[in-house]
Structure formats: structure tokens, C-alpha cells
Amino acid sequence: MYRGNIAGKEVIIHLGKRVKESHFDNRKLYHMVLSYGETAFRKGQKMFCIYNDRVGLIVAEVEHHDIPVIRIDYVIENQNVYE
């Protein structure tokens with residue numbers, strides 16, 4: 001779990017069990033979601049995806065509470081993402 005700020009609001013980023021057990025660097029995932037997820041968060045979207053050349057496709061869901069929680073339950077590795 002990680003606490004950060006998006007668009008001036010405090011958010012919590014929570015990694016799902018599968019993502020925690022994967023070989024990805026958790027800190028990089030947290031920072032990618034903080035930097036790229038700001039637009040989706042401001043629009044009020046409930047789900048969004050982030051594509052990164054090195055990692056792949058990050059699928060995130062936003063739960064709106066007193067402190068919003070962004071859950072990352074899936075990361076589709078780059079070699080499994082097709083255009």
C-alpha cells in the first residue's frame with residue numbers, strides 16, 4: 001500500500017495479490033499510477049489503463065471513499081499486449 005497525491009488530493013494505491021507476487025518493481029508501479037493516472041482521476045473514471053513500454057498494460061480501478069483508493073489488480077506484461 002502506498003499513499004500519494006493526485007490533483008492535490010491524497011490517494012491510496014493498493015496492489016492486488018497477483019501484482020504483489022509478480023516480479024514487477026512495486027515502487028515503479030506506484031509512481032506510474034501517480035503520474036499517468038492524474039487525468040483519469042480528475043475525469044472521475046472508475047477504471048483506467050496505463051500502457052508502459054517496459055511493463056505493459058496496468059489496469060486500475062478507483063474506489064471513491066473519504067480517501068480515494070486506486071486498486072491495481074492486473075498488470076498484463078508487455079509481451080502479451082498486442083496492437
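The protein chain has an accessible surface of about 5700 Å², and carbon and sulfur atoms account for 47% of that area. These values belong to a predicted model. Of the 83 residues in the protein chain, 39% are buried, where buried denotes under 20% relative accessible area.

Three helices and five strands make up the secondary structure of the protein chain. In sequence order they follow the pattern β-β-α-α-α-β-β-β. The radius of gyration is 12 Å, close to the 12 Å given by the globule rule for 83 residues, and the protein chain is therefore as compact as a globular protein of that length. Its C-alpha trace spans about 35 × 25 × 15 Å along the principal axes. Among contacts between residues at least 6 apart in sequence, 42% join residues at least 24 apart.

| Property of the protein chain | Value |
|---|---|
| Accessible surface | about 5700 Å² |
| Span of the C-alpha trace along principal axes | about 35 × 25 × 15 Å |

The five strands of the open sheet are arranged in the order β1-β2-β5-β4-β3, with mixed pairing. Because β1 (2-6) and β3 (47-52) each have a single partner strand, they stand at the edges, and one side of each is left without a neighbour in the sheet. On average, neighbouring strands of this sheet are turned by 30 degrees against each other, direction ignored.

In general, strands of a sheet pair through backbone hydrogen bonds, either parallel or antiparallel.

Methods: Residues numbered from 1 in each chain as written. Predicted model: local features only at pLDDT ≥ 70, side-chain atom pairs only at ≥ 80, totals over all residues. Heavy atoms only, no water. Pairing = 2+ DSSP bridges. Helix = DSSP H or I, 4+ residues; strand = E, 2+ residues; numbered from the N terminus. Axes fitted to C-alpha atoms, helices over the stretch in contact; angles between N-to-C directions. Rg over C-alpha atoms; globule rule 2.2 N^0.38 Å. Buried < 20%, exposed > 50% of the residue type's maximum accessible area, 1.4 Å probe, protein only. Contact = heavy atoms within 4.5 Å. Areas by Shrake-Rupley, 256 points an atom, 1.4 Å probe, with all protein chains shown as cover.
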